[in-house]
Amino acid sequence: MAESKRRGASPSESASGSLVIRGGTVVDAGGTRVADVVVSGGVVIEVGAEVAVPPGATVLDAGGCLVAPGLVDLHTHLRQPGAEDAETIETGARAAALGGFTAVVAMPNTDPPVDSAAVALEVLSLGSGAACQVAVAGAITMGRAGERLAPIGELAALGVRLFTDDGAGVQDVSVMRRALEYARGFDVTLAQHCEDDALASGGHMHEGEWSSRLGVPGIPAEAEELMVARDIALVRLTGGRVHFLHISTAGSVALVAAAKAEGLAVTAEVTPHHLSLTHAELAGYDPVFKVNPPLRPETDVCALRAACASGIVDAVATDHAPHAPERKDATLDVAPPGMLGLQTALPVVLGALGAAGFDREHGAGSARNGAGRDRAQVMSVRDVLGLLSWRPARIAGLARDQGGEHGGPIEPGAPANICVIDPAATWEVDPARLASRSRNTPWAGRVMTGQVRHTVFRGEAVVVDAQVQR
Amino acid sequence: MAERERRLTPPRGGVFVPRVQVLTAQDVQRALTRIAHEIIERNHGLEDVVLVGLQTGGVPLSFRIASVLEEMEGTVVPVGLLDVAFYRDDIGIRPVLPEAATDIPGDLAGQLVVLVDDVLFTGRTVRAALNALADYGRARAVQLAVMVDRGHRELPIRPDYVGKNMPTRIDEQVDVSLDGVVLGDVVPR
Amino acid sequence: MTELSKGGHRHLLSIAELGADGIEEILEVSDAFVEVGRRSIPKVPSLRGRTVVTLFAEQSTRTRLSFETAAKRLSADVLSFSVDTSSVKKGESLRDTVETVAAMGVDAFVVRHTSAGAPAAVARWVDASVVNAGDGWHEHPTQALLDCYTIRQVLAERAGRALEDTGVECFVGLRVAIVGDVRHSRVARSLVLALGALGAEVTLVAPGSLLPPSLEGWPLSKVSYDLDAVLPHVDVCYLLRLQSERGAGAFLPSVREYSAWYGLTSRRAALLGDDALVMHPGPMNRGIEIADDVAALPRSLVLRQVSNGVAVRMAVLFMLLGQGQVGTGGSGPGLLPTLGTVVGG
């Protein structure tokens with residue numbers, strides 16, 4: 001019942017009350033300034049110091065906080081339809097809102113997969129009442145089988161901007177070539193899960209020191225890099241556009257850097273866990289650390305961080321991959337790969353990229369905890385937020401000038417999709433209290449620094465004081 | 001068996017602090033000589049007699065008794081060594097590990113076994129030793145020789161040969177060697 | 001490596017947890033059980049009333065019999081549980097199986113499984129001690145321990161010393177070649193860790209495709225592709241079993257070619273020093289990794305390894321189950337050298 005009521009509510013109705021976000025530091029692509037933000041009717045109506053509070057407006061305290069455009073996740077597995085025991089669009093969107101996201105791109109590896117307008121419409125319709133915008137990615141090939149092309153045009157007509165067979169890469173080079181050529185006409189981006197099956201087959205973790213010690217079949221870095229290199233060649237050949245999902249190795253970074261230097265239309269994302277965890281986590285065979293691509297050695301982690309700082313990496317995406325506990329808590333070889341990410345992404349990334357310990361006194365560029373880390377890798381909070389918000393918004397086709405409503409900037413007339421971040425707040429990750437239906441977070445029991453305090457989605461405060469309202 | 005070591009193991013582990021010398025080395029030698037006499041007397045000689053020293057405290061005493069017996073009777077009495085760790089009734093409750101080798105000479109069937117230990121306390125070690133001996137054959141009889149009987153029995157066990165009866169408090173500690181018998185305390189580390 | 005464990009049980013999951021001291025302690029306790037094995041009644045009441053389950057999700061008659069004999073000689077009750085590997089292909093059913101068996105009141109699980117890390121998973125799930133009896137390509141700790149025991153026994157005999165007076169110094173500088181399919185061998189992983197911890201100089205000899213992708217962190221003195229060059233300079237030649245399916249073209253051109261380059265033929269055996277020991281974890285592929293006439297050489301210790309296996313496994317079970325749970329009135333962690341002590345929440 002509540003569901004239908006929500007769905008029926010138009011943005012202006014649901015945001016009938018005005019909001020004032022008071023006392024924070026506004027950070028967006030345009031810069032950083034101390035300002036209050038007034039929201040009404042789903043849009044920002046005023047940004048400035050000492051604004052007058054409209055009568056009846058809700059005031060959200062943002063003292064000591066950053067006020068940023070809502071985060072955008074390019075890579076979310078919402079599991080619906082098909083695996084509602086692991087996650088639903090409703091619970092996944094709730095986790096996203098709590099993590100500061102106002103838009104997520106739902107991956108198409110559902111059951112059935114998003115290889116038809118019917119399934120895409122089902123996902124969009126289920127997402128219409130959710131706590132954030134649920135965009136949908138389409139499959140490149142029918143059934144994600146890597147053989148026949150999915151109806152890219154039909155899906156593009158529904159607003160689908162990203163296509164991927166994620167969970168697997170398109171193995172057949174001629175199929176990928178045809179897809180790139182065909183997609184050119186629809187202004188969409190093909191996103192590749194880079195993994196050469198022949199080389200990776202049977203692997204459960206990164207092939208190297210730890211896999212050798214643990215006696216676990218490994219996935220070499222080259223399984224990813226071969227496909228990155230192949231697809232770069234195909235972009236050159238076809239003039240198409242590829243977004244590389246979750247790159248995880250220093251070699252991939254180098255390939256992407258070279259392709260960008262050449263002027264090819266490639267973009268790349270990394271995940272929070274590849275920026276923060278190494279394959280040594282697998283030492284106890286805990287399947288919660290099994291993920292694809294696998295956690296890599298420290299040298300790769302450092303290379304990914306440096307690539308974030310240098311701009312080679314365009315976005316951080318969570319690869320939020322819920323799995324029902326009874327499936328995930330198995331032996332390492334049987335457990336499915338993937339980990340939760342939406343609710344922990346922001347603090348993990350702030351910590352990994354040297355922006356932890358943001359100190360308002362010193363402005364948004366200060367990185368108090370960056371000491372000891374390579375200076376080149378220490379990023380400003382604004383640049384980190386760029387990786388999580390306005391840069392992925394553009395890749396997803398959700399930016400304002402693309403007809404979307406995400407990624408800011410926060411200015412009068414802009415859609416009110418905003419997250420308010422307390423960079424100093426600490427909280428302990430309790431898997432049982434996460435919004436996801438699943439429990440497979442690698443951060444269980446760890447204390448995070450940095451918390452999303454409020455999230456405003458289409459003018460409505462969907463998260464207030466770290467509590468979800470929808 | 002090694003009463004002292006057992007008492008010193010965790011969780012009640014501590015350091016032995018000597019207080020009173022109760023027997024000197026000479027006293028110990030005299031007591032062992034007397035025990036040897038009593039063994040011969042009780043058994044009308046040494047036929048079929050085997051000494052079995054309990055690891056680790058009973059072992060030097062059993063060898064000393066054997067040499068006294070040999071001096072007196074001209075007979076070499078076999079000496080066996082027995083570690084009762086695997087037969088203890090506190091396995092799984094406290095750390096129990098074998099402390100030294102078990103070496104029983106041949107089959108004990110029909111033999112007259114004299115168990116030798118340093119201190120008789122609760123009787124549980126002797127109980128374990130009786131069970132262990134049964135696995136080496138059906139002895140004709142088993143007798144018990146101890147240097148010190150300090151009381152506090154928890155099982156119906158009584159020694160046949162005693163060096164010295166010595167009333168003690170339950171928290172005291174008795175240290176026996178060929179150099180003498182010392183009463184002391186265990187203090188926590 | 002610390003596993004979460006319910007109730008503070010001790011486990012033996014990897015040699016890595018033991019260190020030199022832990023290995024030495026197990027070898028010493030094994031001496032006492034070798035003595036028990038020589039008795040006319042080779043049985044002690046130590047684990048009366050305890051229940052040991054052998055949970056084998058992979059065929060291995062020898063290891064299972066060895067563990068079951070060990071448990072029975074300790075007077076434990078033994079439940080034998082074979083899991084059809086095909087039915088355990090889904091991990092959830094392994095967990096269900098294990099939890100169901102555990103509910104019957106089990107003190108220890110002896111786990112053999114095709115998946116590396118399965119014993120660690122069982123240790124997470126149940127309120128009991130877990131012994132790794134071989135998991136995938138990972139480890140087979142009791143095999144390495146019995147191999148070390150056997151080496152020490154032979155060296156002590158040669159030196160004319162009693163076993164109880166022989167520590168583990170005999171391993172320092174001992175030159176050991178481990179030959180064959182190291183990549184897929186749990187025995188090799190455990191043995192390298194054990195011998196390395198004890199100070200031996202270990203050389204791996206294998207074709208490149210049968211070496212692990214990385215040897216970082218392995219306590220090795222060298223790696224060689226040339227068995228003929230290595231044999232004259234070793235004290236122990238340890239041959240690994242070649243799974244015949246490895247020769248189907250995936251890792252080797254053929255088993256015949258493997259045998260020609262890495263098999264211990266009688267010609268190669270002649271390259272060994274007179275005192276060199278030849279060992280094999282069994283069961284042997286006669287004519288592949290070892291020629292039939294070499295297996296019969298007196299210096300080959302195969303049968304002695306088998307009989308020592310029972311004593312070593314008695315020692316392991318006794319030390320896991322005979323010392324009380326961590327933090328429940330028995331020993332405290334760290335007060336006594338223990339098997340991979342683990343404190344649970």
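Visitor: Which residues touch the most other members of the largest nonpolar core?

Guide: A nonpolar core is a set of buried Ala, Val, Leu, Ile, Met, Phe, Trp, Tyr and Cys residues joined through C-beta atoms within 7 Å. Buried means 20 or more other C-beta atoms within 10 Å of the residue's own, with C-beta atoms placed from the backbone. Here the largest core has 305 residues, and A:V67, C:I178 and C:L317 touch the most other members. This is a predicted model: local features need pLDDT of at least 70, side-chain atom pairs count only at pLDDT 80 or more, and totals for chains, interfaces and linings use all residues. Residues are numbered from 1 along each chain as its sequence is written, and chains are lettered from A in the order in which they are written.

Visitor: Which helix gives the most to this core?

Guide: Helices (H or I, at least four residues) and strands (E, at least two) are DSSP runs, numbered from the N terminus. Helix α11 (residues 302-321) of chain C gives the most, 11 residues.

Visitor: Where does the core lie relative to the domains of chain C?

Guide: Domain bounds come from an automatic or database assignment. Domain 1 (6-139 + 306-321) and domain 2 (141-304) of chain C both give residues to the core, so it lies between them.

Visitor: What does C:L317 touch?

Guide: Contact means C-beta atoms, placed from the backbone, within 7 Å. Not counting residues up to four places away in sequence, C:L317 touches C:L47, C:V52, C:A70, C:A71, C:L74 and C:A108.

Visitor: How many residues of chain A are in contact with chain C?

Guide: The count is 22, against 24 residues of chain C. On the chain A side, α8(A) provides the largest share, 5 residues.

Technical notes
Buried ≥ 20, exposed ≤ 12 C-beta atoms within 10 Å, placed from the backbone. Contact = placed C-beta atoms within 7 Å.
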